[in-house]
Amino acid sequence: MYHLNIKKQTITIEGTTYAPTDLLQLFEEIPANLPLSQQFLPFKHDLLNFLKEWFSDSPEITVHTSGSTGQPKPILVRKEQMMRSAEMTCTFLDLKEKDKTLLCLPLSYIAGKMIVVRSLIASLDLYPVTPSGHPLAETHTHFQFAAMIPLQVYNSFQNPEEKKKLEQIEKLIIGGSPIDYALQEKIATLPKAAYATYGMTETLSHIALQRLNGKEASSRYTPLPSVELSLSEEQTLTVYAPLVNDKKLTTNDIAHIYPDGSFKILGRKDNIIITGGIKIQIEEVESHLAPVISTPFAITSQPHPKFGEIVVLLVERPTDITHLEEKINSKLTIYQRPKKIYSVENIPLTISGKINRAATKQLAATL
């Protein structure tokens, strides 16, 4: 049973249940002259501020886009839509009342907010941990549910104690950026359920999940109920999720939709190389190469008088380019194979750790 009437909702934080009036009283009891660090942990203070906004009379709330394709921008969404999104996820994952839930994502973005909303509608037991690269370092709680970004999962694997805690999470969802091949291999060894998510701020977190481990592991995303998918003329994914957004959204993600409704993301519309009239999706080539290249690498292009542009591979300090070329040829079609391979000092990255596509193209132009 889910609580979709805000007036009847309560929030359980670390085993203690608060009604909205309790939260307001908690605010009032904090002495104004105390430093913030002594009043309440700053992140818990953020949580209280969000709950205060949630329990206000306004039917809407402001969320901010991630800024991954431009400047972050505020958008106004209905609380009812956020609850419907939470309901879909809780149903899909079969989350139960009092399930201990880790909150380790910033509340400034939709992913963190939706963890709280799921806790509100499903009466989950919320454990706030200040967002960091090591969310499991300071906690000893056995969580039934957690949401993390790939960086947090990667870091948790590096520390034996944190890895043990990660393995105990019953249901883990991972989103915010792509999961690379090496990390995906590690996630596949986890004994409990782990999922990659697909979505955006405009869909109020994810609209599809992909199982990454166990017997149900898949290379495809499964859309949540009520989500309708189609392809645009440019083969980009179009999402209509009427419970969470009134509009049909066309993404920049090139996709393939299977007859059963599941789908794969092949790459971004901007990341296509047209060589000799053949379209090559950069991310698809990189995914084929990931198992055979052990150092950081990137696919990009160079202008070419005959083909228009050619596929180029940049590799950080490879030991043997000739041997590498043999392995590459076994993984790629003749059209996908790089016409040139360059050894570089570093692959240009964005602040968030993704390949900087513009910078790699500029680098290739100088080689």
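Q: Leaving aside its neighbours within four places in sequence, which residues is valine 116 in contact with?

A: This is a predicted model, in which local features need pLDDT of at least 70 and side-chain atom pairs count only at pLDDT 80 or more, while totals for chains, interfaces and linings use all residues. Residues are numbered from 1 along each chain as its sequence is written, and side-chain values use heavy atoms, with hydrogens and water left out. Taking contact as heavy atoms within 4.5 Å, valine 116 touches Ile11, Leu47, Phe50, Leu51, Leu103, Leu107 and Leu126.

Q: Which residues have the most contacts inside the largest nonpolar core?

A: In soluble globular proteins, nonpolar side chains tend to be buried together. A nonpolar core is a set of buried Ala, Val, Leu, Ile, Met, Phe, Trp, Tyr and Cys residues joined through side-chain atoms within 4.5 Å, where buried means under 20% relative accessible area (1.4 Å probe, protein chains only). Here the largest such core has 75 residues, and Trp54, Val116 and Ile187 have the most contacts inside it. Its largest share, 8 residues, comes from H5, a helix being a DSSP run (H or I, at least four residues) numbered from the N terminus. A second, separate core of 16 residues includes Leu289, Phe297, Ile299 and Ile328.

Q: How many of the residues of H5 are buried?

A: Helix H5, which spans residues 110-122, is mostly covered, with 12 of its 13 residues buried; among them are Lys113 and Arg118. Just after H5, serine 123 takes a positive phi of about 55 degrees.

Methods: Helix = DSSP H or I, 4+ residues; strand = E, 2+ residues; numbered from the N terminus. Expected span 1.5 Å × (residues − 1). Buried < 20%, exposed > 50% of the residue type's maximum accessible area, 1.4 Å probe, protein only.
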